[in-house]
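Here's a quick briefing on one chain, laid out by topic. Have a look at the sequence and the fold first.

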Amino acid sequence: MSETSPSEPSPALHDGDRAEAAARNRKERVLVFIVAFLGLLIVGGIATVVLRIIYLSANPQPQQSSVEIGSRVQLGSTDAAQLSLPQGAVVKSLSLSGDRLAVHYETGGKDAIAILDVASGAVLRRYDVVPGAPSP
């Protein structure tokens with residue numbers, strides 16, 4: 001009785017069967033390689049994301065404050081922009097958002113808001129604050 005190992009082709013196989021078995025074996029190896037490669041890509045991608053999260057949490061980037069943004073816009077400029085307010089107007093508050101400055105002022109018992117472009121100093125829009133006005 002002769003024993004054959006599973007890796008060795010059986011002597012009883014014909015040439016056509018051997019060629020078919022070799023082609024199937026080659027296809028299986030290619031598929032195993034592709035699956036292993038894609039698995040490594042997935043593991044590598046997940047590891048990259050986790051390491052990036054760890055890096056960013058250990059080295060947080062400082063956020064820019066509105067003062068830094070405003071000073072950078074005016075860098076090198078010595079001209080002072082002027083906002084013309086009515087006689088007797090009192091500035092109640094200022095609010096900076098990006099490159100826009102909102103000035104809330106009161107004049108003669110009425111409130112108003114002026115929106116300015118920080119870079120140019122131009123008044124973009126004025127709003128009168130009217131209490132009890134119906135909403136559109």
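Is F33 buried or exposed? F33 counts as exposed, because its relative accessibility is 56% (buried means under 20% relative accessible area, exposed over 50%, partly exposed in between, with a 1.4 Å probe and protein chains only). Keep in mind that this is a predicted model, where local features need pLDDT of at least 70, side-chain atom pairs count only at pLDDT 80 or more, and totals for chains, interfaces and linings use all residues. Residues are numbered from 1 along each chain as its sequence is written, and side-chain values use heavy atoms, leaving out hydrogens and water.

**The chain overall**
- You get 2 helices and 4 strands, in the order α-α-β-β-β-β along the sequence (DSSP runs numbered from the N terminus: helices are H or I with at least four residues, strands are E with at least two).
- Of the 136 residues in the chain, 7% are buried.
- Take the contacts between residues at least 6 apart in sequence: 16% of them join residues at least 24 apart (a contact means heavy atoms within 4.5 Å).

**Around F33 in helix α1**
- F33 sits in helix α1, which covers residues 15-58.
- F37 is in α1 too, 4 residues from F33, or about one turn of the helix.
- Searching the whole structure turns up 1 aromatic pair (rings of Phe, Tyr and Trp, the last by its six-membered ring, with centres within 6.5 Å; planes under 30 degrees apart are stacked, over 60 edge-to-face, the rest tilted).
- That pair is F33 with F37, stacked at 6.2 Å centre to centre with 15° between the planes.
- F37 counts as partly exposed, because its relative accessibility is 45%.
- F33 and F37 also belong to a nonpolar surface patch with V30, L31, I34, L38 and L41, about 700 Å² of accessible area together.
- Patch members have over 30% relative accessible area and no salt bridge; like charges are joined within 9 Å, nonpolar side chains (Val, Leu, Ile, Met, Phe, Trp, Tyr) within 5 Å.
- A salt bridge here is a side-chain nitrogen of Lys or Arg within 4 Å of a carboxyl oxygen of Asp or Glu.

**The strands**
- β2 (residues 100-107) runs antiparallel to β3 (residues 110-117) over 8 bridges (strands pair if DSSP finds at least two bridges between them).
- T107 has K110 in β3 as its bridge partner.
- The β2-β3 hairpin has 2 residues between its strands, and G108 in the turn has a positive phi of about 60°.
- β3 also pairs with β4 (residues 123-129), antiparallel over 6 bridges, with I115 opposite R125 in β4.
- The β3-β4 hairpin has 5 residues between the strands, and G121 takes a positive phi near 80°.

Methods:
Accessible areas come from the Shrake-Rupley method with a 1.4 Å probe; for residues, only the protein chains shown count as cover.
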